[in-house]
There are 6 protein chains.
Amino acid sequence: MGRFQPFHLGHLDLATRILDECDEVIIAITSSQFNYLEKDPFTAGERIEMIHNSLKEASLDLSRCFVVSIENQFNVATWASYLKSALPHFDKVFSGNNYVSMILADSGIEVMEPMFLDRTLYNATKIRSMIVSGENWKDSVPNAVYELLTKINAKNRLTVISKSDTNPTKH
Amino acid sequence: MGRFQPFHLGHLDLATRILDECDEVIIAITSSQFNYLEKDPFTAGERIEMIHNSLKEASLDLSRCFVVSIENQFNVATWASYLKSALPHFDKVFSGNNYVSMILADSGIEVMEPMFLDRTLYNATKIRSMIVSGENWKDSVPNAVYELLTKINAKNRLTVISKSDTNPTKH
Amino acid sequence: MGRFQPFHLGHLDLATRILDECDEVIIAITSSQFNYLEKDPFTAGERIEMIHNSLKEASLDLSRCFVVSIENQFNVATWASYLKSALPHFDKVFSGNNYVSMILADSGIEVMEPMFLDRTLYNATKIRSMIVSGENWKDSVPNAVYELLTKINAKNRLTVISKSDTNPTKH
Amino acid sequence: MGRFQPFHLGHLDLATRILDECDEVIIAITSSQFNYLEKDPFTAGERIEMIHNSLKEASLDLSRCFVVSIENQFNVATWASYLKSALPHFDKVFSGNNYVSMILADSGIEVMEPMFLDRTLYNATKIRSMIVSGENWKDSVPNAVYELLTKINAKNRLTVISKSDTNPTKH
Amino acid sequence: MGRFQPFHLGHLDLATRILDECDEVIIAITSSQFNYLEKDPFTAGERIEMIHNSLKEASLDLSRCFVVSIENQFNVATWASYLKSALPHFDKVFSGNNYVSMILADSGIEVMEPMFLDRTLYNATKIRSMIVSGENWKDSVPNAVYELLTKINAKNRLTVISKSDTNPTKH
Amino acid sequence: MGRFQPFHLGHLDLATRILDECDEVIIAITSSQFNYLEKDPFTAGERIEMIHNSLKEASLDLSRCFVVSIENQFNVATWASYLKSALPHFDKVFSGNNYVSMILADSGIEVMEPMFLDRTLYNATKIRSMIVSGENWKDSVPNAVYELLTKINAKNRLTVISKSDTNPTKH
């Protein structure tokens with residue numbers, strides 16, 4: 001589970017290692033109803049496309065992968081059951097976020113601590129700020145992500161958002 | 001696009017033929033926010049699972065297939081742009097529903113008329129009523145769908161729903 | 001108040017007579033969040049445009065007219081206060097709908113019974129069905145409405161909707 | 001659980017018998033977001049008041065009773081977890097509605113079949129129609145309910161609703 | 001009215017004094033749709049339970065007390081009418097929050113300034129931070145609240161939330 | 001487009017100049033669902049009234065002006081199509097907000113940079129703070145706005161909001 005803004009090599013590495021251990025992996029894109037916002041600049045569709053293309057490029061077995069978008073729930077206590085309704089059947093959840101772990105644990109779902117690659121290197125917030133500042137971010141993401149973000153002119157989108165204090169979801 | 005309640009051989013045949021013509025196919029599951037209702041008994045997660053497993057069983061190239069759940073929009077005029085935000089980039093839409101075609105056409109999206117297999121044979125409403133009445137519906141759906149629906153005891157769910165006049169979404 | 005699907009000569013006559021009695025008139029377009037539906041085929045924007053143009057064509061004093069779109073409220077008991085927040089200050093409401101009168105009266109708002117022109121002649125439901133069947137409906141609406149509906153090809157929209165059983169707002 | 005439109009002697013009898021068996025009873029008012037509608041004419045507040053006053057009048061031990069309003073959930077699969085978040089801790093649910101039982105059972109909640117008093121005698125739909133037609137309904141409800149419904153002029157509200165085809169929640 | 005995160009001795013004292021003056025008291029739990037958040041960690045159900053048990057423990061006359069959960073309204077101008085629909089009939093509101101007083105006053109509802117016990121001692125924000133830091137908070141709340149919060153392991157919940165920057169309701 | 005909290009002389013000047021160039025102008029009031037909040041203190045109805053009265057006072061040709069309230073959309077990517085459904089037909093949008101321009105440009109709508117009068121002089125945030133502090137703000141707004149804000153006692157409303165940390169839309 002993650003927002004995948006954007007999907008980076010740390011995410012891809014984790015998916016690969018989960019597939020080594022498990023029959024199937026579901027990559028659940030959270031906050032899918034949000035886009036064009038500072039923390040969620042890319043649409044659900046763009047995120048599905050970048051993840052799918054990255055898995056394909058890495059030659060993962062796509063018949064064992066699901067890429068699914070899910071929405072945040074305002075009533076947090078219903079989130080776990082929403083998850084069960086929105087996703088194919090799953091046995092465990094990998095999450096390094098203690099908040100997520102607590103909510104799922106309170107709902108009786110097994111939560112595993114994922115092993116992430118170097119998080120200072122592979123970090124979506126950092127990658128977004130590198131895109132804006134013009135630093136080299138190409139090596140932090142799968143090539144498929146780089147191509148998609150270039151095609152949609154992510155640099156312009158992120159720059160405009162970062163300079164603006166307009167946020168239609170806030171009050 | 002469809003509700004896929006359930007996914008049947010007519011749907012699978014169409015997906016197969018679209019893949020013959022196009023680079024990629026996106027199977028968009030509409031009404032994904034609804035479940036346990038007469039016309040939408042199965043959850044989005046169950047539908048993703050039955051479609052994915054059917055494509056796999058039919059040996060379609062999953063690296064060219066997307067299975068994505070989307071929600072109905074109450075403001076119909078925003079539906080086409082919601083679709084663009086929720087799905088990977090697409091060039092055309094296959095829909096035999098004139099209402100859907102009109103809305104998309106009014107938004108400048110190209111709509112193609114799909115060629116369906118015999119619709120009296122492969123029809124989700126009919127399959128649901130066959131499940132309830134105990135008729136043979138096994139031959140109308142991919143084997144993967146038959147297995148999933150058996151595992152979740154679809155017969156019981158559909159029977160209870162069909163005998164009930166409770167619908168939490170209605171007033 | 002009304003849905004104005006479409007605005008017809010009965011509505012225009014009523015607005016004219018209210019202006020004879022009152023300082024100002026507010027024409028409140030209800031169900032403004034709905035469109036492309038059997039009872040609500042036209043968008044809020046289209047309805048604002050047809051009403052504004054009709055008032056102008058009839059040489060009413062537009063400095064004394066407001067045309068405002070409002071949404072239905074699911075919690076009916078909050079509707080009167082929503083109305084007060086969405087509309088310029090008003091003293092009374094003209095409504096021939098007993099249900100509307102009851103809700104407003106329970107909230108302490110004065111409700112007046114409007115005098116409508118011949119309702120069998122000027123009736124939005126009837127006009128919509130005349131548009132579909134190709135009967136002469138031109139004389140039932142202001143010329144400005146006739147022109148707008150022709151420009152947006154209302155006949156096609158209404159025909160497709162009437163032949164379809166798709167309604168994205170229903171379950 | 002029930003809509004309690006209105007709360008009648010069958011409901012009161014059931015609450016009394018549950019208190020004989022259990023430590024505490026939670027009376028959960030469903031569809032609490034709806035009011036002034038054909039099937040849900042009374043507000044959540046009015047229903048809380050009529051139930052509370054009835055329990056008091058019947059000298060039930062109010063320190064062992066909870067009266068709680070809950071809303072319908074459009075995503076039915078999340079309903080059981082919403083229930084857990086909205087209600088004090090509970091061990092079992094009494095419901096004679098097979099649809100409700102199925103949803104709760106699928107969520108691992110124990111459901112008991114309640115024993116109702118004569119349902120042809122004590123039936124909320126029937127009581128509402130008796131109120132409209134002027135038949136004697138006083139003996140079907142606790143006296144506290146009779147007084148409240150008289151005070152708010154339920155007869156007028158139900159009559160106006162029954163004669164109207166306006167339903168702000170429908171499309 | 002209050003969020004009651006958690007219900008403390010200051011709240012209990014106020015309820016007791018209102019019952020001295022008034023026939024009945026309604027304790028309205030605001031923000032009831034929120035939980036597992038920094039300012040709203042406990043569910044509506046947990047809050048109903050802690051309040052009910054505290055009133056019972058203090059031997060207040062429960063036949064004169066209502067404990068009702070209500071939701072925040074995004075359109076603030078409709079909040080007073082929502083309140084009227086969600087609560088049993090009331091004559092006045094006790095609120096020490098000027099913002100709340102203004103909104104209710106603009107809607108014609110009488111607002112009384114409550115007399116609170118020492119607010120530096122009895123303060124929900126402070127109690128939550130004492131729970132996290134392990135200070136003695138037991139004497140600030142009714143014993144029934146202490147027991148419930150211990151049973152649900154409030155310390156762990158509050159600690160995880162306070163260390164996390166995840167908030168599913170924010171953007 | 002703007003929130004118009006409140007409508008000031010800079011806005012009026014812009015409307016006047018757009019009318020010099022264009023056939024018609026639509027003044028679209030954004031965030032119309034919000035009110036009694038720090039950035040959005042006035043209701044949609046109050047804003048419609050102040051704008052309408054200002055245009056009238058300035059003797060603009062009201063038959064060429066539309067004043068329309070629109071709501072923020074949480075899924076930003078659907079905002080442009082929502083705009084098209086909520087407004088009369090338009091050809092271009094005047095917006096000095098780069099964020100707004102980007103979203104509309106991505107949807108194929110032509111965006112023009114408006115020429116504003118001295119923004120340090122005519123600035124809604126500054127006017128709101130002048131109202132609270134008691135400075136002279138009368139010369140920054142049309143007389144009609146001054147009168148309305150005085151009538152509704154805007155000073156009190158803004159003062160209470162500015163001193164309060166209650167925001168029912170936030171968490």
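Modeller: Strand β1 (residues 25-29) of chain D has 4 of its 5 residues buried, so this strand is largely enclosed by the rest of the structure. Here buried means under 20% relative accessible area, exposed means over 50%, and partly exposed lies in between, with a 1.4 Å probe and protein chains only; strands (E, at least two residues) and helices (H or I, at least four residues) are DSSP runs numbered from the N terminus. This is a predicted model, in which local features need pLDDT of at least 70 and side-chain atom pairs count only at pLDDT 80 or more, while totals for chains, interfaces and linings use all residues. Residues are numbered from 1 along each chain as its sequence is written, chains are lettered from A and ligands numbered from 1 in the order in which they are written, and side-chain values use heavy atoms, with hydrogens and water left out.

The partner of β1(D) is strand β2 (residues 65-69) of chain D, which runs parallel to β1(D) and is joined to it by 5 bridges; two strands count as paired if DSSP finds at least two bridges between them. Within this pairing, D:Val25 has D:Cys65 of β2(D) as its bridge partner. As to side chains, in a regular strand they alternate between the two faces of the sheet.

In chain C, strand β1 (residues 25-29) is mostly covered, with 4 of its 5 residues buried, and β1(C) pairs in the parallel sense with strand β2 (residues 65-69) of chain C over 5 bridges. There, the residue of β2(C) that stands opposite C:Ile29 is C:Ser69.

Chain D also meets a loop of chain E. E:Pro88 lies in the loop between α3 (79-86) and β3 (92-94) of chain E, and with a relative accessible area of 1% this proline is buried. Leaving aside residues up to four places away in sequence, E:Pro88 touches D:Gly45, D:Ile48 and D:Glu49 as well as E:Ile26, E:Phe66 and E:Val68, where a contact means heavy atoms within 4.5 Å. From E:Pro88 to E:Phe66 the separation is 22 residues in sequence and 8.3 Å in space, C-alpha to C-alpha.

The buried residues of helix α7 (residues 154-163) of chain B are B:Ala154, B:Arg157, B:Leu158, B:Thr159, B:Val160 and B:Ile161, and what covers them includes α4 (98-106) of chain D along with α2 (44-57), α5 (124-133) and α6 (143-151) of chain B. By contrast, chain B and chain E share no contact, their closest C-alpha atoms lying 18 Å apart, and chain A does not touch chain C, the nearest C-alpha atoms of that pair being 18 Å apart.

Some backbone details in chains D, E and A deserve attention when you inspect the model. In chain D, the peptide bond from D:Gln5 to D:Pro6 is cis, with omega near 0°, and D:Pro6 belongs to the segment before α1 (9-21) of that chain. In chain E, the bond from E:Gln5 to E:Pro6 is cis, with omega near 0°, and E:Pro6 is placed in the segment before α1 (9-21) of chain E. D:Asn153, in the loop between α6 (143-151) and α7 (154-163) of chain D, has a phi near 55°, a positive value in a residue other than glycine, and counts as partly exposed at 42% relative accessibility. A:Ser59, in the loop between α2 (44-57) and β2 (65-69) of chain A, has a positive phi near 60°, again in a residue other than glycine, and is exposed, with a relative accessible area of 63%.

Of the 171 residues of chain A, 60% count as buried, and residues 24 or more positions apart account for 65% of its contacts with a separation of 6 or more.
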